[in-house]
Amino acid sequence: SAVFECVLDFVYDGACEVEEGALPAVLEAAARLQVAALQEAAVAAASARLGASSALAMWGVGDRLTLPGLVEAAAKAAATNFDAIAAGEALLQASHAQLLALLQDEDLASTEEIVFSAVSRWADHARPAEADLLALLQHVRFGCLPAAYLQSTVRAWPPMAGGPAKDILFDALTSLCPGGTPLKARKPPPGPAIEWQSFAPNLMITAGEEGETIFTRAAHDAYDVALGSAALTAGRHEWLFSTHQAGCKHVGVALADCPKDSRASSGIWSVRATGFAGTFSPVTLRVVLDMDARTLSVARGGDELQLAHTDLPASVHPFLCCGSTGEQCRVRQAV
């Protein structure tokens, strides 16, 4: 099969080409055949491509194969992309444990209307036992819902008409009375993805799936730079960089007027991606910019973050530099 051929290619050549849809099968095969290096590479590739359509499925793969790093990355991607998951078919394939974990996650980015809609839609499809449904409803923040939505949608849903579910709603609304426990709204959904700008036709930028941006370099000609269009001045920003080819790729941040043909210069704070932590092709880097602390940190795959730069200026742009012919890399905003 194609999966077995991929495993053989990796064993003999140290690399293989895998379509995104085949990653779960390759992971399963690598785990069963105990090809640790392929399993590690597949986990890194899967983690770099997690999005609304793949997070829950890869979460399930991570659970089955006991891969805590993949489970953590997939759960985080699901919490970040919850609105898209709630509106799509992926929600209907979620396990009760996954949905419950998401509702309990303080980092779930959504509105309470979407949360309740997701619970009711999933329950109408899965028909869970009453105890399982009640466990989900316990984590819906009914007190954050507008009165009109409570009346027209929540109370109109048959399971809320009576019994323990109605009691949960009553208790939640009673807690809003004077002396009750204050209720905190969830995190807002993530903002728009980074918009990148290239300064030479040689570095082509195209849109990939799940909010990815794909960079492809046509020919060797010194270095080509791309910058995020919007300046970042406050808050915490995170993006994932991945490449499956060796070459000179630098990621980090830079000033808007930095040189557009250099990988290292004043006004640029970056790391060499393919040489980071002694690793060459393939590589996945997590890049975290904290503008409140003025720091840039980087981690390979699921490793712990390492501080790369401090004392950054008050305003910077996401930065990427390519220096090899035909190289391709991908960047996706994580938070």
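Guide: In H4, the buried residues are Ala-55, Leu-56, Met-58, Trp-59, Gly-60, Val-61, Gly-62 and Leu-65. Keep in mind that this is a predicted model. Helix H4 spans residues 55-65. Of its 11 residues, 8 are buried, so the helix is largely enclosed by the rest of the structure.

What do the buried residues of H4 pack against? Their partners are five stretches: helix H2 (23-33), helix H3 (36-48), helix H5 (68-80), helix H6 (82-87) and helix H7 (96-104). Now look just past the end of H4. There, Thr-66 has a positive phi, about 55°.

H3 packs against the buried residues of H4. H3 also lies across strand S5 (236-243), S8, S9 and strand S12 (328-333). Its direction is at about 130° to S5.

That brings us to the sheet. It is open and has 7 strands, in the order S2-S3-S12-S5-S8-S9-S10, with antiparallel pairing. Its edges are strand S2 (203-207) and strand S10 (306-309), each pairing on one side only. From one strand to the next, the twist averages 25°.

Zoom in on one pair of strands. Strand S8 (residues 283-290) and strand S9 (residues 295-300) run antiparallel, joined over 6 bridges. In S9, Thr-295 is the bridge partner of Asp-290.

Next, the aromatic rings. The whole structure holds 4 aromatic pairs. Take Phe-116 and Trp-157: their ring centres are 5.7 Å apart and their planes stand at 90°, so this pair is edge-to-face. The two residues come from distant parts of the chain, 41 residues apart. Phe-116 belongs to helix H8 (residues 112-126), while Trp-157 is in the loop between helix H10 (147-154) and helix H11 (163-174). Phe-116 is buried, at 1% relative accessible area. Trp-157 is buried too, at 8%. Ring pairs join Phe-116, Phe-142, Tyr-149 and Trp-157 into a cluster.

Another ring meets a charge. The charged end of Lys-260 sits over the ring of Phe-199, 4.9 Å from the ring centre.

Last, the cysteines. The structure holds 0 disulfides. Cys-322 is buried, with 0% relative accessible area. Cys-6 also counts as buried, at 5% relative accessibility.

Terms used: Residues numbered from 1 in each chain as written. Predicted model: local features only at pLDDT ≥ 70, side-chain atom pairs only at ≥ 80, totals over all residues. Heavy atoms only, no water. Phe/Tyr/Trp six-rings, centres within 6.5 Å; stacked < 30°, edge-to-face > 60°. Helix = DSSP H or I, 4+ residues; strand = E, 2+ residues; numbered from the N terminus. Buried < 20%, exposed > 50% of the residue type's maximum accessible area, 1.4 Å probe, protein only. Lys NZ or Arg CZ within 6 Å of the ring centre and 35° of its normal. Contact = heavy atoms within 4.5 Å. Disulfide = S-S within 2.5 Å. Pairing = 2+ DSSP bridges. Axes fitted to C-alpha atoms, helices over the stretch in contact; angles between N-to-C directions.
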